[in-house]
Structures are given as C-alpha cells and as structure tokens.
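Look over the sequence and the model first.

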Amino acid sequence: MKKKNLCIFAFLFWTLCANAAAQYMTVELKSGDKFSFLLEDNPVVTFKNVNLVVNGNAETSYAIAGVKNYHFTEGDVTGVSDYKSDAVCIESVDNNTLKINNASPSAKIALIGISGVVTFTTMADAAGSAFVSLPEQKGVYVLTVGCQSFKLIRK
C-alpha cells in the first residue's frame, strides 16, 4: 500500500513540475516600463558604474536611479522578445569601441570633440550598423548618427 501511495505521489509531483509556468526575473522601472528575462537562460545581474546590467541573450542595462525594483515572477510580464524599435541603439563593445545599431543605411556617423574637432567618422552599413573608435583622452564628445546627436562623456 505504501509503495502504491508513493508511486501516486511521485506521479502527481512530476505532473505538477511538468506543467509549472516558466519563471522570469522582471526589472520594473520608475517610468512604469517592465522588462522580463527568462531564468532558464541564466541571466547574470551585475552593477556597473551607475547601471543595473542584465546579461541574458544580449546585454541590457538600466540606470539605477530609474529602477523601481526587480523581482521574480512565473509569467512573462512584458513579452520583450516581440518588441522592436526604430530608435538608434548605441552599445559599448569595450572601453574603446561603440557599436551603432538601427541607424539608416549609409548614415554618416561622426564623433566630435567639445572644441569642434572631428575625431572619428564612418558610414553605417546596409544593415544600419557601424563601429566607432573612441579617443584615448577623457572629455565631452558629440556623436552624430545621421541627423541625431548624442552627448558622450569619456571618464
């Protein structure tokens, strides 16, 4: 009888585990936006400079001042994988290189020092991507991507 009950219990436990919902880590921003990361993908959460950085399939970072909280849930709150944007995306590849994504194909990209000296120029490829080499010296720079401008501070 005990063996029969144990087998039934094991079967019920296995059934519940098999039907369990996927678990996510969700980052909630003060702006109300929420971003979810599948725990099965083993996201790594670190703090770098003043950012909360989540490394899942791609590096994502959020300014700590803008993070309301992060928590764990059993459902995808946001569906982030379906989100697409036309905004220019700037990624830090390493301490000396930036990667520009989602720019217009053949867009002119320039890095200009605060004194007005152009330190780097390139063009976006057909996919709208390009790499920008940063100068060694610290300072304030303006990165132009097509008709958009971004302020960069090299510390």
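In which strand does Glu 28 lie? Glu 28 belongs to strand β1. The model is a predicted one.

**The sheet**

β1 is part of an open sheet of three strands, ordered β2-β1-β6. The pairing is antiparallel. β2 (34-38) and β6 (67-73) each have a single partner strand, so they stand at the edges, and one side of each lacks a neighbour in the sheet. On average, neighbouring strands are turned by 20° against each other, direction ignored.

**The β1-β2 pairing**

Strand β1 covers residues 24-29 and pairs with β2 over five bridges, in the antiparallel sense. Two residue pairs across these strands are listed here.

| Residue | Opposite it in β2 |
|---|---|
| Thr 26 | Ser 36 |

The hairpin of β1 and β2 has four residues between the strands. In this hairpin, Gly 32 adopts a positive phi near 100°.

**Glu 28**

Is Glu 28 buried or exposed? Its relative accessible area is 14%. The cut-off for buried is under 20%, so Glu 28 counts as buried.

What is Glu 28 in contact with, leaving aside its neighbours within four places in sequence? The residues are Asp 33, Lys 34, Val 67, Lys 68, Asn 69 and His 71. Lys 34 falls in the range of β2 (34-38), while Val 67, Lys 68, Asn 69 and His 71 fall in that of β6 (67-73). In a regular strand, side chains alternate between the two faces of the sheet.

Note on methods. Residues numbered from 1 in each chain as written. Predicted model: local features only at pLDDT ≥ 70, side-chain atom pairs only at ≥ 80, totals over all residues. Heavy atoms only, no water. Pairing = 2+ DSSP bridges. Axes fitted to C-alpha atoms, helices over the stretch in contact; angles between N-to-C directions. Buried < 20%, exposed > 50% of the residue type's maximum accessible area, 1.4 Å probe, protein only. Contact = heavy atoms within 4.5 Å.
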